[in-house]
Amino acid sequence: MNVDSSPLEATSDPHPPLSTRAALTPIPFTDPWQYDLTVPRDPRGPGIVRVTLRAILGAHGLGELVDAATLLTSELATNSVRYAKGPATVCLRWTHPVLRVSVSDASPKFPVHVSFPMPTADANRGRGLRIVKLVADGWGGCLLGDLLVAPTGKTIWFELSLRAAPPPGGSGATVLVA
């Protein structure tokens, strides 16, 4: 019987050792990319989002944006985990020189943006959108779903612009392949 497959295909490991993998070329610094992370409604979610965001931005050579993006993403992810009745999706989208981070959830209610009075120093909440407004280069939100029937959720987003020149070599950072 003649089987039309090579021995390599029949025994191919979907996760071969690093030494046998083909070298990958990193995405050029100015090329667009996107990462999506779905987070369950769990109080550990915002911490996982922060760690993941730092790793992604560091790998792409966007260290200048890490602190602001981490702070703002944490605010939005915490609101979703705290108030929405289901998972949240965090999307990081790079279109040189702008990073847009959006957090979507199933709740059609927008976070309350209170202008005055300012929350007291010991208040546990009430500063999130004020921080986003002060730190981000732009921000906004929109309802998701069929607005004629019923909204099915919302997305809140912010943008940060890179002010520094691209890193030398254009790739952003060393590529780690797991």
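Helices (H or I, at least four residues) and strands (E, at least two) are taken here as DSSP runs, numbered from the N terminus.

First, the basis of the talk. The model is a predicted one, in which local features need pLDDT of at least 70 and side-chain atom pairs count only at pLDDT 80 or more, while totals for chains, interfaces and linings use all residues. Residues are numbered from 1 along each chain as its sequence is written, and side-chain values use heavy atoms, with hydrogens and water left out.

Let me begin with the overall architecture. The chain has four helices and five strands, and along the sequence they follow the pattern α-β-α-α-β-β-α-β-β. Of its 178 residues, 30% are buried, where buried means under 20% relative accessible area, exposed over 50%, and partly exposed in between, with a 1.4 Å probe and protein chains only. A contact means heavy atoms within 4.5 Å. Among the contacts in the chain with a separation of 6 or more, 65% join residues 24 or more positions apart.

I turn now to the helix packing. Axes are lines fitted to C-alpha atoms, for helices over the stretch in contact, and angles run from 0 to 180 degrees between N-to-C directions. Helix H2 and helix H3 pack at an angle of about 155 degrees, with their axes 9 Å apart. H2 is therefore roughly antiparallel to H3; angles under 35 degrees count as roughly parallel, over 145 as roughly antiparallel, 65 to 115 as roughly perpendicular and the rest as oblique. The crossing of H2 and H3 is right-handed. For handedness, a crossing is left-handed if the near helix is turned anticlockwise from the far one by less than a right angle, and right-handed if clockwise. On the H2 side, the contact is made by Pro46, Val49, Arg50, Leu53, Arg54 and Leu57. The H3 side includes Gly63, Leu65, Val66 and Ala69. By class, this contact has nine nonpolar, five polar and two charged residues. In this classification Ala, Val, Leu, Ile, Met, Phe, Trp, Tyr, Cys and Pro count as nonpolar, Asp, Glu, Lys and Arg as charged, and the others, Gly among them, as polar.

H3 also packs against helix H4. The axes of H3, residues 63-83, and H4, residues 128-135, come within 9 Å and cross at roughly 150 degrees, so these two helices are roughly antiparallel as well. Their crossing is left-handed. Ala68, Leu71, Leu72, Glu75 and Leu76 of H3 meet Gly128, Leu129, Ile131, Val132 and Val135 of H4, a contact of eight nonpolar, one polar and one charged residues.

What lies in the core? A nonpolar core is a set of buried Ala, Val, Leu, Ile, Met, Phe, Trp, Tyr and Cys residues joined through side-chain atoms within 4.5 Å. The largest one has 27 residues, of which Trp33, Leu57, Leu62, Leu92, Trp94, Leu99 and Phe158 touch the most other members. Strands E1, E2, E3 and E5 and helices H2, H3 and H4 each give two or more residues to this core, and H3 gives the most, with five. Beyond its neighbours within four places in sequence, Leu62 is in contact with Phe29, Trp33, Leu57, Trp94 and Leu162.

I return to Leu160. At 4% relative accessibility, this residue counts as buried. Leu160 and Leu65 are 95 residues apart in sequence, yet 7.2 Å apart in space, C-alpha to C-alpha. Leaving out residues up to four places away, Leu160 touches residues that include Leu65, Ala68, Leu72, Pro97, Val98 and Val135. Pro97 belongs to the loop between E2 and E3, and the peptide bond from His96 to Pro97 is cis, with omega near 5 degrees. In general, most peptide bonds are trans.

Finally, strand E3. Val98 is placed in this strand and, neighbours within four places aside, contacts Arg93, Glu159, Leu160 and Ser161. Ser102, also in E3, counts as buried at 13% relative accessibility. Ser104 of E3 counts as buried at 19%. Its C-alpha atom is separated by 5.1 Å from that of Thr89, 15 residues apart along the chain.
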